[in-house]
Amino acid sequence: MLSRDDLREHLVYTRISGDVATSRENNLDHYSSLANGDPYYMLGLTYDQPWPYRDILALMAKSAGVVSDPDHRWGQDTIDPDLTIDAIDAMAERIASVLSRDHPRVLFATGHPTGLLAIHMPLARLCAERGALLMTPAEGWTYVGSNFGRPRGIRYMEGVAMLDDRGGFVHTHDAAPMRYMLGELNGDKPDLVIADHGWAGAAGEAGVPTVAFADSNDPGLFVGEAEGKLDVVVPLDDNVLPRYYAPLTDRLVTQVSRAL
């Protein structure tokens, strides 16, 4: 496992954190859309209070490390690598606390198969090795969403749920698959969900203990964390080259193992 300093350097070099590829314009557009109540950016969550644009920006500066200045409207935005590492360590503690139980039930899902699957799969293997049941509800369920015209379905790879479109795993923010998965369990909820995008939001909204990964342009999950519906949200660029996530994943897996 890399030292904290070396991991920080790696995160900045690969742009998982630091000066990230997600533009300031894109971030602020998403913050504004969430403040206006656009369900797409709520990622399956509802909120206990109004979240004005300025409050969302302030939260994202605190939780993810984006530039706090509201007059900075174009160009580069950032994720604080120390916040990424701190959240990884907090996630590891939360996962370890669940794995310390007898026969825990864990559910994995990702809406970013070209990126974050590289984190989810090693973590799922670790959970299975430590005696967890990797839950796989609703495998094969299909639906047609509001933004695509043909059926897509839930498919699992090594215990990680993703959305399948004619044999290819696809990017999705949609909360509908997780809602259906939890509904099929008929109250037999997981002890922990490890996910991102709408998969995580829907689980947190249903009251299931949830930890998540989120980019700086996904403020909905950070608002959910602020309101206590998600336990931990890790800020990071969610679509760099999969191999770049290896040192971060190694720290997460090692910290979970150490805590057990």
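Glu227 touches Thr46, Tyr47, Asp48, Gln49 and Trp51, leaving out residues up to four places away in sequence; contact here means heavy atoms within 4.5 Å. The structure is a predicted model, in which local features need pLDDT of at least 70 and side-chain atom pairs count only at pLDDT 80 or more, while totals for chains, interfaces and linings use all residues. Residues are numbered from 1 along each chain as its sequence is written, and side-chain values use heavy atoms, with hydrogens and water left out.

Glu227 sits in the loop between helix H9 (219-226) and strand E11 (232-235). Helices (H or I, at least four residues) and strands (E, at least two) are DSSP runs numbered from the N terminus. Is Glu227 buried or exposed? Glu227 is buried and yet has no salt bridge, with Lys229, the nearest side chain of opposite charge, 5.0 Å away. In these terms, buried means under 20% relative accessible area, exposed over 50%, and partly exposed in between (1.4 Å probe, protein chains only). A salt bridge is a side-chain nitrogen of Lys or Arg within 4 Å of a carboxyl oxygen of Asp or Glu.

Turning to the whole fold, the protein chain holds 10 helices and 11 strands. The radius of gyration of the protein chain is 17 Å, close to the 18 Å that the globule rule gives for 260 residues, so the chain is as compact as a globular protein of that length. This radius is taken over C-alpha atoms, and the globule rule is 2.2 Å times the number of residues to the power 0.38. Along its principal axes, the C-alpha trace of the protein chain spans about 50 × 45 × 35 Å. Of the 260 residues in the protein chain, 57% are buried. Among contacts in the protein chain with a separation of 6 or more, 66% come from residues 24 or more positions apart. The accessible surface of the protein chain comes to about 10,800 Å², and carbon and sulfur atoms hold 48% of that surface; the areas come from the Shrake-Rupley method with a 1.4 Å probe, and for residues only the protein chains shown count as cover.

Charges come next. The mean positions of the 22 positive and 37 negative charges of the protein chain are 3 Å apart. Lys and Arg count as positive and Asp and Glu as negative, whereas His and the chain ends are not counted; the place of a charge is NZ of Lys, CZ of Arg, CG of Asp or CD of Glu. Side chains of opposite charge can pair when their charged atoms come close. The count comes to 15 salt bridges.

Asp191 takes part in salt bridges with Arg101 and with Arg105. For Arg101 and Asp191, the closest N and O atoms are 3.6 Å apart. This pair links distant parts of the chain, 90 residues apart: Arg101 is in the loop between H5 and strand E3 (105-109), and Asp191 in the loop between helix H7 (176-184) and strand E9 (192-196). Asp191 counts as buried because its relative accessibility is 17%, whereas Arg101, at 40%, counts as partly exposed. The N to O distance between Asp191 and Arg105 is 3.6 Å. Arg105 lies in strand E3, so its pairing with Asp191 ties together parts that are 86 residues apart in sequence. At 22% relative accessibility, Arg105 counts as partly exposed.

Arg125 and Glu158 also meet in a salt bridge (2.9 Å, N to O). Here the partners are 33 residues apart, with Arg125 in helix H6 (residues 117-129) and Glu158 in the loop between strand E6 (152-157) and strand E7 (160-165). Arg125 is partly exposed at 38% relative accessible area, and Glu158 is partly exposed at 44%. Elsewhere, salt bridges that share partners join Arg4, Asp5, Arg8, Asp82 and Asp86 into one network.

Which residues surround Leu99? Beyond four places in sequence, Leu99 touches Pro104, Cys127, Arg130, Ala132, Val256 and Leu260. Leu99 lies in helix H5 (residues 81-99) and counts as buried because its relative accessibility is 6%. Leu99 and Cys127 are 28 residues apart in sequence, with a C-alpha to C-alpha distance of 7.0 Å. Ala132, in the loop between H6 and strand E4 (133-134), is buried with a relative accessible area of 10%. Apart from neighbours within four places in sequence, Ala132 is in contact with Leu99, Pro104, Val106 and Cys127. Ala132 and Asp191 are 59 residues apart in sequence and 9.8 Å apart in space, C-alpha to C-alpha.
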